[in-house]
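Could you walk me through this structure, one selection at a time? I have the viewer open and would like to know what to click on next.

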Amino acid sequence: MNEAISRAATLLSEADAILISAGAGMSVDSGLPDFRGPEGFWKAYPKLANSGLRFEEMANPASFLRAPALAWAFYGHRLERYRNTEPHSGYTRLLNLIGKKTGSGFVVTSNVDGAFEKSGFPDSQIYEIHGSIHRLQCCRPCTDAIWPATEVNVEIEQESFRALGELPACPRCGSLARPNILLFSDGTWIARRSEAQGRRFSQWLANVERSGMRMVIIEIGAGTAVPSIRRLSEDMSLRFSAPLIRINPAESQCELTGSVSLSMGGQDALKRVI
Ligand SMILES: NC(=O)c1ccc[n+]([C@@H]2O[C@H](COP(=O)([O-])OP(=O)(O)OC[C@H]3O[C@@H](n4cnc5c(N)ncnc54)[C@H](O)[C@@H]3O)[C@@H](O)[C@H]2O)c1
Ligand SMILES: [Zn+2]
């Protein structure tokens, strides 16, 4: 392990540009749960264990239509929890690291908790592939508007785990509002904001390539159940011949040549390699 740590540290110190990719595991050391399998999800939301609802069923546009007070209890609770959580020290280490690089860095994450933005990463260097819980959209949707969730404060009846009172609504048509997050079986997600971030990411990549900069990819806490982030890290590694450092205490395996696997928690690993 010590050898892998020093290899990762050397790669990061010699790189000109850093691609940071992160899944739910990145936020675990800040005290936020990931949703690994139905058991993990029910452990995080014991109230939902009784209902037998899985994460895929809860995080679904159909649940906003069928059971809006339940859907908003889940998202209102998550929003509150993510708002009140201080990102762990690994975020600041990464921010300082990219600050020293000629080609700076870019964050690509499936997390919706807004932790990178809260840690001071510029909005222009973040690509939230599944959107953000801190933004809302219309459930219908009547337009492609996306607005901040700053005014949302959902009161929850604990026993039944249902949102009380008026639920967040679309200011244009009055229909129910929902988080601007890509849900499962989602045909109504407004991807405009995320797509604009994706275009900035492509521009950054093109610049790194044009300037012949050495890019290193550091991936933290990306699971195999929803493998979007793992795939992206691997695709980028192949396309740019960029070494991939994969940090994950349970599934750090990586077949790519030149990659480094660190079977450790995110915060601890970042402390050792930066
Ligand atoms: N904080 C959030 O925004 C949040 C939380 C839960 C789920 N989600 C979303 O749900 C979907 C499924 O997410 P996923 O596949 O990333 O999550 P997952 O829950 O399936 O997997 C999380 C991964 O993190 C790893 N992990 C656990 N503890 C860790 C630690 N201390 N340090 C580093 N890694 C650790 C696990 O081994 C696992 O591989 C994604 O879209 C994800 O972004 C987001
Ligand atoms: Zn509307």
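Let's begin with a word you will need along the way: two residues are in contact if their C-beta atoms, placed from the backbone, lie within 7 Å. What you have open is a predicted model, in which local features need pLDDT of at least 70, side-chain atom pairs count only at pLDDT 80 or more, and totals for chains, interfaces and linings use all residues. Residues are numbered from 1 along each chain as its sequence is written, while chains are lettered from A and ligands numbered from 1 in the order in which they are written.

**Stop 1: a loop residue, Ile 190**

Select Ile 190, in the loop between strand 8 (177-181) and helix 9 (192-210). Helices (H or I, at least four residues) and strands (E, at least two) are DSSP runs, numbered from the N terminus. Leaving aside neighbours within four places in sequence, Ile 190 is in contact with Gln 137, Pro 141, Asp 144, Ile 146 and Asn 180. Is Ile 190 buried or exposed? A residue is buried if 20 or more other C-beta atoms lie within 10 Å of its own, exposed if 12 or fewer, and partly exposed in between, with C-beta atoms placed from the backbone. Ile 190 has 20 other C-beta atoms within 10 Å, so it is buried.

Pro 141 sits in the loop between strand 4 (131-138) and strand 5 (147-148). Look at the peptide bond from Arg 140 to Pro 141: it is cis, with omega near -15°.

**Stop 2: zoom out**

Show the whole chain as a cartoon and you will find 11 helices and 11 strands. Its radius of gyration, taken over C-alpha atoms, is 19 Å, close to the 19 Å that the globule rule (2.2 Å times the number of residues to the power 0.38) gives for 274 residues, so the chain is as compact as a globular protein of that length. Along the principal axes, the C-alpha atoms fill a box of roughly 55 × 35 × 30 Å. Of the 274 residues, 43% count as buried.

**Stop 3: the nonpolar cores**

A nonpolar core is a set of buried Ala, Val, Leu, Ile, Met, Phe, Trp, Tyr and Cys residues joined through C-beta atoms within 7 Å. The largest one has 42 residues, and Leu 12, Ile 18, Val 216 and Ile 245 touch the most other members. Pick Val 216: beyond its neighbours within four places in sequence, its contacts are Leu 11, Leu 12, Ala 15, Ile 18, Ala 242, Pro 243 and Ile 245. A second, separate core has 30 residues, including Phe 64, Ala 149, Ala 177 and Ile 181.

**Stop 4**

Select helix 7 (residues 89-99) and colour its buried residues, Gly 90, Tyr 91, Leu 94, Leu 97 and Ile 98. They cover an arc (of the directions from the helix axis to the C-beta atoms) of only 125°, which puts them on the same side of helix 7. Asn 96 and Gly 99 are exposed on the other side. The buried residues of helix 7 pack against several elements, among them helix 1 (2-14) and helix 11 (266-273).

Move on to helix 11, where Gly 266, Gln 267, Ala 269, Leu 270 and Val 273 are buried. Seen down the axis, these buried residues fall within an arc of 165°, so they line one face of helix 11. They pack against helix 1, helix 7, strand 9 (215-220), strand 10 and strand 11.

**Stop 5: the ligand**

Which residues are the closest to ligand 1? Among the 28 that surround it (C-beta atom, placed from the backbone, within 6 Å), they are Gly 23, Gly 25, Asp 34, Gly 221 and Gly 223.

**Stop 6: two serines**

Most residues other than glycine have a negative phi. Ser 104, in the loop between helix 7 and strand 2, has a positive phi near 50°. Ser 241, in the loop between helix 10 (228-240) and strand 10, has a positive phi near 45°. Ser 104 counts as partly exposed because it has 18 C-beta neighbours inside 10 Å, whereas Ser 241, with 10, counts as exposed.
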